Amino acid sequence: MKKILVIYYTQSGQIKDILNAVLKNAELNSVDIDYLKIEPEQDYPFPWQPSSTFYDVFPESVKSIDIPIKALNVNNSEQYDLVILGLQVWYLSPSVPISSFLKSEDAKNIFKNKPVMTVYGTRNMWVSANKVVKNLIKKAGGNLVGNIVLSDKHHNLISVITIVRWLINGKKEASKYFPEAGVSSSDIKSASKFGNPIFNSVKETNFSNLQNELLRLNAVHIDYHIMKTELTGIRIFHIWANLILKKGKNNPKRRKRLLTLFSYYLFFVIYVVSPFASLIFRIIKLILPKKVKKELIQHTSL
Ligand SMILES: Cc1cc2nc3c(=O)[nH]c(=O)nc-3n(C[C@H](O)[C@H](O)[C@H](O)COP(=O)(O)O)c2cc1C
């Protein structure tokens, strides 16, 4: 029997729901699945209360600064034909538990010479995080063979409101004026369509065409103007993160003040700057379709 190892971290359970949907037909395909959850020694609050905890994780996320995580007990990782990593993005970067795992000895032991797939459950900005993740998987010795990204398809300015309401106030459901937060239930349900190419590749031990088949099923959703906005944003995030880490070192009060300033900056950029930036990137898309297509292909490929 073929075997898949699924390693994931989740706070709300969203990425686990996505993974369950993707792998729903495993038994029908005679594929065995083992799930392992990454557990930080000291986990983050969910919902993020007090709300300052939500901003406090910003510098460490952007700079991929490790936290201690519990050892994953994997007996004989050789037995697995594929490893799937279920992950999420924090501040345009892999979440801290995920980057901590990817740099661990466990990751090296599990990933060494193994085909690895990534499955994201995000709001809508995952491209910069994916660059870091691809690099860390490679460093751990894994061979990336596939990627699925499920994101919130509502308008960028709407999904900011709903995600903050969800992550900080714990309210995921739709309200009178706003839709449900996160990846839509229908997108999660229909993720089972991605199972077939995965199971076929596992059965044939041939992953060479997996990503092409996943892309044919629209496994990766990407909007040019969102991608360009985030690629600009991550450069500025690094400047903020460096500043907060440097000035806030050994000075918790100053760190807190800088994080509050950063939170104002974040909402200013999202609601004042990003609509203009989006407009410019939409115009570029109209004028230079070939260039845009090339960039999109570059970021959706493995
Ligand atoms: C601190 C924090 C920052 C986040 N930043 C981003 C982001 O930059 N881009 C994005 O698409 N989603 C972002 N999200 C949403 C997550 O990627 C994810 O969709 C959500 O937290 C649910 O994940 P879960 O499976 O851990 O519950 C962020 C979430 C948190 C908690």
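This report covers the helices, cavities, pocket and backbone geometry of a predicted model.

## Basis of the values

The model is predicted: local features need pLDDT of at least 70, side-chain atom pairs count only at pLDDT 80 or more, and totals for chains, interfaces and linings use all residues. Residues are numbered from 1 along each chain as its sequence is written, and side-chain values use heavy atoms, with hydrogens and water left out.

## Helix 13

Helix 13 spans residues 289–300 and has 12 residues. Helices here are DSSP runs of H or I with at least four residues, strands are runs of E with at least two, and both are numbered from the N terminus. From first C-alpha to last, helix 13 reaches 16 Å, close to the 16 Å expected at 1.5 Å a residue. That expected span is 1.5 Å times one less than the number of residues.

Val292, Glu295, Leu296, His299 and Thr300 are buried in helix 13. Buried means under 20% relative accessible area, exposed over 50%, and partly exposed in between, with a 1.4 Å probe and protein chains only. Seen down the axis of helix 13, the buried residues fall within an arc of 125°, so they line one face. The arc is taken over the directions from the helix axis to the C-beta atoms. An α-helix has 3.6 residues a turn, so residues three or four places apart point the same way. Lys290, Lys293 and Lys294 are exposed on the face turned away from the buried side of helix 13.

The buried residues of helix 13 pack against helix 6 (127–139), helix 10 (210–216), helix 11 (224–248) and helix 12 (252–287). His299 is found in helix 13. His299 counts as buried because its relative accessibility is 9%. Not counting residues up to four places away in sequence, His299 touches Trp126, Val127, Asn130, Lys131, Ile222, Met227 and Leu231. Contact means heavy atoms within 4.5 Å.

## Cavities

Rolling a probe the size of a water molecule over the atoms shows where empty space is left. The search uses a 1 Å grid over the protein atoms alone: a cavity is a set of points where a 1.4 Å probe fits but cannot get out, a pocket is an open set with protein on both sides within 12 Å along at least five of seven lines, and lining residues have an atom within 4 Å of a point. Grid points are joined across faces, edges and corners, and a volume is the space filled by probe spheres set on the points. Across the whole structure, 2 cavities of 30 Å³ or more are found.

The largest cavity holds about 40 Å³. Its lining is Asn124, Trp126, Ser151, His221, Ile222, Asp223 and Ile226. The second largest cavity has a volume of about 30 Å³. Asn124, Trp126, Val127, Ile222, Asp223, Ile226, Met227 and Glu230 line the second largest cavity. Helix 11 gives the most to that lining, with 3 residues.

## The largest pocket

The largest pocket has a volume of about 960 Å³. Its lining has 41 residues, and Trp90, Tyr91, Leu92, Arg123 and Met125 lie nearest its centre. Helix 12 supplies the largest share of the lining, 9 residues. By class, the lining of the largest pocket has 26 nonpolar, 13 polar and 2 charged residues. Ala, Val, Leu, Ile, Met, Phe, Trp, Tyr, Cys and Pro count as nonpolar, Asp, Glu, Lys and Arg as charged, and the others, Gly among them, as polar.

## Backbone geometry

Most residues other than glycine have a negative phi, and most peptide bonds are trans. The bond joining Phe46 and Pro47 is cis, with omega about -5°. The bond from Gln49 to Pro50 is cis, with omega near -5°. Pro47 sits in the loop between strand 2 and helix 2, and Pro50 is placed in the loop between strand 2 and helix 2. Tyr44 is found in the loop between strand 2 (31–37) and helix 2 (52–56).

Thr205 has a positive phi, near 45°. Thr205 lies in the loop between helix 9 (195–204) and helix 10, and is exposed at 51% relative accessible area. Asn218 has a positive phi of about 60°. Asn218 is in the loop between helix 10 and helix 11, and counts as exposed at 61% relative accessibility.
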